[in-house]
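This report describes the surroundings of the ligand and the pockets of the protein. The sequence and the structure are shown first.

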Amino acid sequence: MIMFSSMKGRSVLVTGGSKGIGKGIAAAFAAEGAQVVITGRDRQAGESTASELAAAGGKARYIQADVANPADCAQMVAATIEGNGGLDVLCCNAGVFPSVSLAEMTPGQLEEVLGINLKGTVFAVQAALDALSRSGRGRVVVTSSITGPVTGYAGWAHYGASKAGQLGFIRSAALELAPAGVTINAVMPGNIITEGLTDLGEDYEQTMAASIPLKRLGSVADIASAVLFFASEQAGYITGQTLIIDGGQTIPESLEAMV
Ligand code: NAP
């Protein structure tokens, strides 16, 4: 049996780690003994999550940073290095998904989504390049989506473009990071239950679950497991790749195709 090597002591930075999937990723690394830094714009939410992770026995700290701002990205990496002695794993997870039709979308709304989801991913990786190179086993794991790269959803054209753009980015970035032994891969979640989704109500969840072959929405832990895998020593020969985690949602040709 292959045992995965420990994350103990590894320095991990999770952007958008204060809520949802990012919080789940941070909790999984913390439970494995990593030193975790989470970021987000809302200080209160970030500090409360960091305290929650620490209360569960993890090493976790919050740093306020907006990934759409390159100076914030530089500062979050510097603070991580200062506190943890380096940076081994960067999880580019921060993202927003406001819905608006193409007909009504303003340049400002387009810029917000591309600025955070796509440019924010690039800025975070740029800021972390040197530190990840020094790690000797640097890892980047990006949270993309099925929406954009594989599927479409009316109202989320800008979001889909940002998520597909992240995948275009990782393939070329993989080539530039490879000489330093740094890998970059992406997880592509389907419908994951987060604080935001539970607000949409049980009916929404049930309708969504019916269109998923495994008949349930995903959990943040489902995504975190895949992120931990990409960050592991054993995944060191995988780079520029993507993994869909969607309970089979993108597989059936139609509802008729499912049993
Ligand atoms: P969420 O619960 O709304 O959490 C988003 C996190 O990102 C929060 O911590 C938020 O903190 C942070 N964030 C947003 N804008 C930021 C910015 N400019 N700078 C730094 N942090 C920022 O969302 P989620 O559902 O967990 O989504 C996380 C990622 O998964 C996103 O990239 C999303 O596209 C992707 N995803 C989600 C699903 C799903 O079903 N939930 C499916 C596919 C993909 P602040 O607001 O305090 O900044």
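In this predicted model, a backbone N or O atom of Asp42 lies 2.8 Å from an oxygen atom of the ligand.

| Residue | Part of the residue | Distance to a ligand oxygen atom |
|---|---|---|
| Asp42 | backbone N or O atom | 2.8 Å |

On its own, the ligand has 880 Å² of accessible area, of which the protein covers 92%. The ligand takes up the space of the largest pocket. Two elements each give two or more residues to the shell around the ligand, namely helix H1 (20-31) and helix H5 (157-177).

In total, 27 residues surround the ligand, and the closest of them are Ser18, Ile21, Arg41, Asp66 and Tyr159. Sorted by class, this shell holds 12 polar, 10 nonpolar and five charged residues.

The largest pocket itself has a volume of about 1300 Å³. Its lining consists of 46 residues, and those closest to the centre of the pocket are Gly95, Val96, Phe97, Tyr159 and Thr194. Two or more lining residues come from each of H1, strand S2 (35-40), helix H4 (107-135), H5, helix H6 (195-198) and helix H7 (202-210). The lining of this pocket comprises 20 polar, 19 nonpolar and seven charged residues.

The second largest pocket has a volume of about 180 Å³. Which residues line the second largest pocket? They are Val122, Val125, Gln126, Leu129, Ser133, Phe169, Ala173, Glu176, Leu177 and Ala180. Both H4 and H5 supply at least two residues of this lining, and H4 gives the most, with five residues. By class, the lining of the second largest pocket divides into seven nonpolar residues, two polar residues and one charged residue.

H4 and H5 therefore deserve attention in both pockets by the definition of helices used here: each gives two or more residues to the lining of the largest pocket, and each supplies at least two to that of the second largest pocket.

Conventions
Residues numbered from 1 in each chain as written. Predicted model: local features only at pLDDT ≥ 70, side-chain atom pairs only at ≥ 80, totals over all residues. Heavy atoms only, no water. Near = heavy atom within 4 Å. Polar contact = N/O pair within 3.5 Å; in protein donor to acceptor, adjacent residues only side chain to side chain. Areas by Shrake-Rupley, 256 points an atom, 1.4 Å probe, with all protein chains shown as cover. 1 Å grid on protein atoms, 1.4 Å probe; cavity = no way out; pocket = protein on both sides within 12 Å on 5 of 7 lines; lining within 4 Å. Sits in = over half its atoms within 2 Å of the grid points. Helix = DSSP H or I, 4+ residues; strand = E, 2+ residues; numbered from the N terminus. Nonpolar A, V, L, I, M, F, W, Y, C, P; charged D, E, K, R; others polar. Points joined across faces, edges and corners; volume = space filled by probe spheres on them.
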